[in-house]
Amino acid sequence: MTRLTGSALRVTIFIGENDTWHRKPLYSEIVHRAHDAGLAGASVFRGVEGFGASSLVHTSRLLSLSEDLPVAIVIVDTAERVRAFLPQLDELVGEGLVVLDDCEVIRYVGREEQA
């Protein structure tokens, strides 16, 4: 299990939920690659409304024409490990936003493995 406390780096990737990688959801490909890379963790959050570089507002409100809601993938690990993962994001993210933030991990505890 990865141990993580103290200074860390958070990468947040903003994409659309309809974005794909080889006919598979892009957010899923990013999470699985982060897992394969041994990163401490990754989570996907679906937004209810937002816009990006295209200035087109995507919303979940009734009667909206847009169903391509915003998605944020958040990954936290050591700066070295996150930066080593960035070339994969460069390959995967054709449209979107990738943001890096310094952060401090206060607590990182997983579930006990079941026998």
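The residues lining the second largest pocket divide into nine nonpolar, two polar and no charged. Here Ala, Val, Leu, Ile, Met, Phe, Trp, Tyr, Cys and Pro count as nonpolar, Asp, Glu, Lys and Arg as charged, and the others, Gly among them, as polar. The lining includes Leu4, Phe45, Val76 and Tyr108. A pocket is found on a 1 Å grid over the protein atoms alone: it is an open set of points where a 1.4 Å probe fits, with protein on both sides within 12 Å along at least five of seven lines. Lining residues have an atom within 4 Å of a point. This pocket holds about 160 Å³ of space. That volume is the space filled by probe spheres set on the points, with grid points joined across faces, edges and corners. Strand E4 (42-46) and strand E7 (70-77) each give the lining at least two residues.

The model is predicted: local features need pLDDT of at least 70, side-chain atom pairs count only at pLDDT 80 or more, and totals for chains, interfaces and linings use all residues. Residues are numbered from 1 along each chain as its sequence is written, and side-chain values use heavy atoms, with hydrogens and water left out.

Now step back to the whole chain. It has two helices and eight strands. Helices (H or I, at least four residues) and strands (E, at least two) are DSSP runs, numbered from the N terminus. Their order along the sequence is β-β-β-α-β-β-β-β-α-β. Of the contacts between residues at least 6 apart in sequence, 75% join residues at least 24 apart. Contact means heavy atoms within 4.5 Å.

Start with strand E1 (residues 6-16). It pairs with strand E8 (residues 97-105) in the antiparallel sense, over nine bridges. Two strands pair if DSSP finds at least two bridges between them. Thr12 has Val99 in E8 as its bridge partner. E1 also runs antiparallel to E7, joined by eight bridges.

What lies inside? Buried residues make up 29% of the 115 residues in the chain. Buried means under 20% relative accessible area, exposed over 50%, and partly exposed in between (1.4 Å probe, protein chains only). The largest nonpolar core has 17 residues, and Ile13, Ile15, Ile30, Ile73 and Ile75 have the most contacts inside it. E1, helix H1 (26-36), E7 and helix H2 (79-92) each supply at least two residues of this core. Such a core is a set of buried Ala, Val, Leu, Ile, Met, Phe, Trp, Tyr and Cys residues joined through side-chain atoms within 4.5 Å. In soluble globular proteins, nonpolar side chains tend to be buried together.

Look at helix H1. Its buried residues include Leu26, Ile30 and Ala34. Their cover includes E1, E4, E7 and H2. Leaving aside neighbours within four places in sequence, Ile30 touches Ile13, Ile73, Ile75, Phe85, Leu89, Leu92 and Val93. Just after H1, Gly38 takes a positive phi of about 80 degrees.

Arg83 lies in H2. It is partly exposed, with a relative accessible area of 48%. Beyond neighbours within four places in sequence, Arg83 is in contact with Leu9 and Leu100.

His22 is exposed, at 68% relative accessible area. Arg23 is exposed too, at 85%. Neither is a glycine, yet phi is positive in both: about 50 degrees for His22 and near 65 degrees for Arg23.
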